[in-house]
Amino acid sequence: MNRLCNADDREIARFDKLSRMWWEAEGTMRMLHVINPLRTGFITQQIRTPCARILDVGCGGGILSEALARAGARVTGVDLSQPTLAAARRHAGAQGLQIDYRCSSAEHVANEAAGEFDAVTCMEMLEHVPRPAEVVAACARTLKPGGRAFFSTINRTPKAFLFAIVAGEYLLRLLPRGTHRYRKLIRPGELRDWARASGLQFTSVASLKYNPLRRTFKMEPGSEDVNYMACFLKKG
Ligand code: SAH
């Protein structure tokens, strides 16, 4: 664990190894591609994307960053996995998309560019860091007053354990084994407390429900079941 930059070296190494898989639609990252239109919709319903400056924290291969750039936003994507960033840059280049990818963390951007972003997205990332509350606080600092923060993660309940870990990683094999550890999952109340302590006001939440027969997800507004995403407003 890297105490200084609030990153878990084993997690980053695991993502380093997966770096070639980001854009294989039927590969390891398939689920992120499947849920991406839903989470992009959740975000673009709540902010005006054309010309908005958006910071995508833990951007991975850029699945969400690219969708936001296509919606007209000016996107900065940060991640600590160098091979992952190389894959993100390669893919965006091939698509003719201008995205500013940097090897950096939310905390670092918060120090260098506080108050510069209209929105920050931090999806499927908080459950992979040692101190997620600090990432939430750093995300809040990157925002302009009135800016919006979006976080998605997995609830820490027995049901989420069964669905996301037992079914998702072992039975249906939707995700690589070892992607999630139960104790690192985050209850919605915890996320809201961290956000409140960082000057963020809760505005909305939705969960993504999986249909194993159709292999599709649907968004359920107001729900915090298993996979959920929440939006917050920076006061001021
Ligand atoms: N947000 C992307 C990728 C999620 S996977 C998406 O939803 O499509 C989690 C990503 O977070 C990985 O790419 C990993 O390298 C990155 N990550 C983990 N810890 C990090 C940290 N402390 N700072 C920045 N990125 C981190």
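Biologist: Which backbone has a polar atom 2.6 Å from a nitrogen atom of the ligand?

Modeller: That backbone belongs to Gly58, whose polar atom is 2.6 Å from the ligand nitrogen. The pair meets the polar-contact cut-off, N or O atoms within 3.5 Å; within protein, one atom must be able to donate a hydrogen and the other to accept it, and residues adjacent in sequence count only if both atoms are side-chain atoms. Please note that this is a predicted model, in which local features need pLDDT of at least 70 and side-chain atom pairs pLDDT 80 or more, while totals for chains, interfaces and linings use all residues. Residues are numbered from 1 along each chain as its sequence is written, and side-chain values use heavy atoms, without hydrogens and water.

Biologist: And what about Met123 and Arg39?

Modeller: A polar backbone atom of Met123 is 2.8 Å from a nitrogen atom of the ligand. The side chain of Arg39 has an N or O atom 2.7 Å from a ligand oxygen.

Biologist: How much of the ligand does the protein cover?

Modeller: The protein covers 99% of the 570 Å² of accessible area that the ligand has on its own. Accessible areas come from the Shrake-Rupley method with a 1.4 Å probe; for residues, only the protein chains shown count as cover.

Biologist: Which elements give two or more residues to the shell?

Modeller: They are helix 1 (9-17) and helix 2 (30-44). Helices are DSSP runs of H or I with at least four residues, strands are runs of E with at least two, and both are numbered from the N terminus.

Biologist: How many residues surround the ligand, and which are the closest?

Modeller: There are 18, and the closest are Asn6, Arg39, Gly58, Asp79 and Met123.

Biologist: How does the shell divide by residue type?

Modeller: It holds 10 nonpolar, 5 polar and 3 charged residues. Ala, Val, Leu, Ile, Met, Phe, Trp, Tyr, Cys and Pro count as nonpolar, Asp, Glu, Lys and Arg as charged, and the others, Gly among them, as polar.

Biologist: How far is Ser204 from Phe232?

Modeller: The two are 28 residues apart in sequence, with 7.2 Å between their C-alpha atoms.

Notes: Near = heavy atom within 4 Å.
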